[in-house]
Amino acid sequence: MEDLKEPKGKRAAQPRKKRKLISKDDEGISDIEDIFSDQETHKIRESLLEWYDHNQRDLPWRTKETNPLQAEDEDKEKRAYGVWVSEVMLQQTRVQTVIDYYNRWVLKWPTLQHLALASLEEVNEMWAGLGYYRRARFLLEGAKLITSKGDGFPNTVSSLRKVPGIGDYTAGAIASIAFKEVVPVVDGNVIRVLARLKAISANPKDSITVKNFWKLAAQLVDPCRPGDFNQSLMELGATVCTPSNPSCTQCPVLSHCRALSISNQDKSVLVTDYPTKVVKVKQRHEFSAVCVVEILGTEGLIEGDQSDGGFLLVKRPENGLLAGLWEFPTVNLGKAADLTTRRKEIDHFLKQVFRLDPQRTCSMVQREDIGEFVHIFTHIRLKVYVELLVMHLKGGMSELLSKNKKGATTWKYVDKQALSNLGLTSGVKKVYTMVEKFKLSKSSTDSAPAKRRKKFEETKSASIN
Ligand code: SF4
């Protein structure tokens, strides 16, 4: 449910049955937006709204107004806020996952005004695990901007588009669902349904095709119930007209579906041939070395349970990927690297940022290569090497902490409890889970000979008695 922009470098793959697909060009139709007749438009609206009234999923952000025509401004703004939060969360994330996040979010910040008072740190913590943290930051910035102007929630697409982070899709969803503006909404689900209804084989990622899908959706949108109609179209795509297994027999608009009609006439064509599949952008390969630095003997310097020592966390730069989020000390490697090279890079980083020198200022208790994993971002395939460093500081912690404010890198020192409360990104969580598992397996291996010795002593003692 991403705002649709033309992705760079994408091109359309050939349709599986190119010769059979009918596009607007094949039919000599000059404008894709002209292809629903008035009668067809009317019937599709009626069928979809009726289906939606009986089949919509019960989702927490779909609070019903008791009397939509007389809804108070306050109710509309609350609804707009709910639509905004849920739609941003739903971009790239499954509904089932979002429900829990959404409920926790509105419990903490029930209105836009509550959210505007939050800190970025709190918002990031709440968002942890959803990915695309920039969107959470935009939500916060948008809430601050709207409340600071004091003009109420923007209630049209054009005014909503002025809020940072609100694109065409989110603006259309808020304006139509909360404020009943007669505007369309186009996301991946809507494109799929429309492409099948009209058997459109043009590349759905192409900017001109996307524009035409918006025109087509605008033609269909119901003037009396625009929000419900938009949701019905999206709901149909999410639950019936699914990407690989559509339930055409259950579809309320099957009699208007050209893809189904073509498929019924020619078994070599499937409705799932629409929309045309596009070749995915090749992912960039990146490599990084992460070191989980655990410092022992810190009693009295950090809060919480210090039996496991504390951990160093570094704040990422305020721009770029995962901007402003906390992570374990990390070095970008540029290419795959062996352990010796990685250790050299990590030692250099620790010296530069923390003035930690494994040879001189610390006494190393444990240094272990924990393993590696691959973390996938949209355009990046990141290979992460993980190392654990457990150490005492020769000069004590106070010296390290006194250096904190001097460097260009922001970092902090936290205990285990604080670490789990921080709301870490899924990549950082993965690293920490690896370390915990490693420690657990190590402690059970270390204690195995002792257990065997104890068992032997007990057996010996029993046989003597
Ligand atoms: S008939 Fe099938 S392919 Fe056509 S819109 Fe309905 S579910 Fe989708």
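This is a short tour of a predicted model, one selection at a time.

**Before you start**

Residue numbers start at 1 in each chain and follow the written sequence. Because the model is predicted, local features need pLDDT of at least 70 and side-chain atom pairs count only at pLDDT 80 or more, while totals for chains, interfaces and linings use all residues.

**The whole protein**

Show everything as a cartoon. The protein has 16 helices and seven strands. Helices (H or I, at least four residues) and strands (E, at least two) are DSSP runs, numbered from the N terminus. Of the 465 residues, 33% are buried. Buried means 20 or more other C-beta atoms within 10 Å of a residue's own; exposed means 12 or fewer; partly exposed is in between; C-beta atoms are placed from the backbone. Now think about contacts: two residues are in contact if their C-beta atoms, placed from the backbone, lie within 7 Å. Among contacts with a separation of 6 or more, 71% link residues 24 or more positions apart.

**Stop 1: the ligand**

Select the ligand and its surroundings. How many residues surround the ligand? There are 14, and the closest are C241, C248, C251, C257 and V271. A residue counts as near if its C-beta atom, placed from the backbone, lies within 6 Å of the molecule or strand in question. Color the shell by class. It has 13 nonpolar, no polar and one charged residues. Here Ala, Val, Leu, Ile, Met, Phe, Trp, Tyr, Cys and Pro count as nonpolar, Asp, Glu, Lys and Arg as charged, and the others, Gly among them, as polar. Helices α9 (188–197) and α12 (258–265) each supply at least two residues of the shell. The largest share, three residues, comes from α9.

**Stop 2: helix α9**

Stay with α9. Nine of its ten residues are buried. Among them are N189, R192 and R196. The cover over the buried residues includes α10 (207–220), α11 and α12. Just after α9, click A199, which takes a positive phi of about 50°.

Step back to the loop between α8 and α9, and pick V186. Is V186 buried or exposed? V186 is buried, because 24 other C-beta atoms lie within 10 Å.

**Stop 3: two crossing helices**

Two packed helices are described by the angle between their axes and the distance between the axes. Select α8 (residues 168–179) and α11 (residues 226–239): their axes come within 6 Å and cross at roughly 130°. So α8 is oblique to α11. The axes are lines fitted to C-alpha atoms, for helices over the stretch in contact, and angles run from 0 to 180 degrees between N-to-C directions. Under 35 degrees is roughly parallel, over 145 roughly antiparallel, 65 to 115 roughly perpendicular, and the rest oblique. Show the side chains: A173, S176 and I177 of α8 meet P226, G227, N230 and Q231 of α11. These residues divide into three nonpolar, four polar and no charged.

**Stop 4: strand β6**

Move to β6 (residues 380–393), which runs parallel to β1 (residues 284–295) and is joined to it by twelve bridges. Strands pair if DSSP finds at least two bridges between them. Find F287, which stands opposite K383 in β6. Next comes β5 (residues 362–376), which pairs with β6 in the antiparallel sense over 13 bridges. β5 and β6 form a hairpin with three residues between them.

**Last stop: Y132**

Y132 sits in the loop between α5 (120–127) and α6 (133–149). Y132 counts as partly exposed because it has 18 C-beta neighbours inside 10 Å. T378 is 246 residues away in sequence but 9.9 Å away in space, C-alpha to C-alpha.
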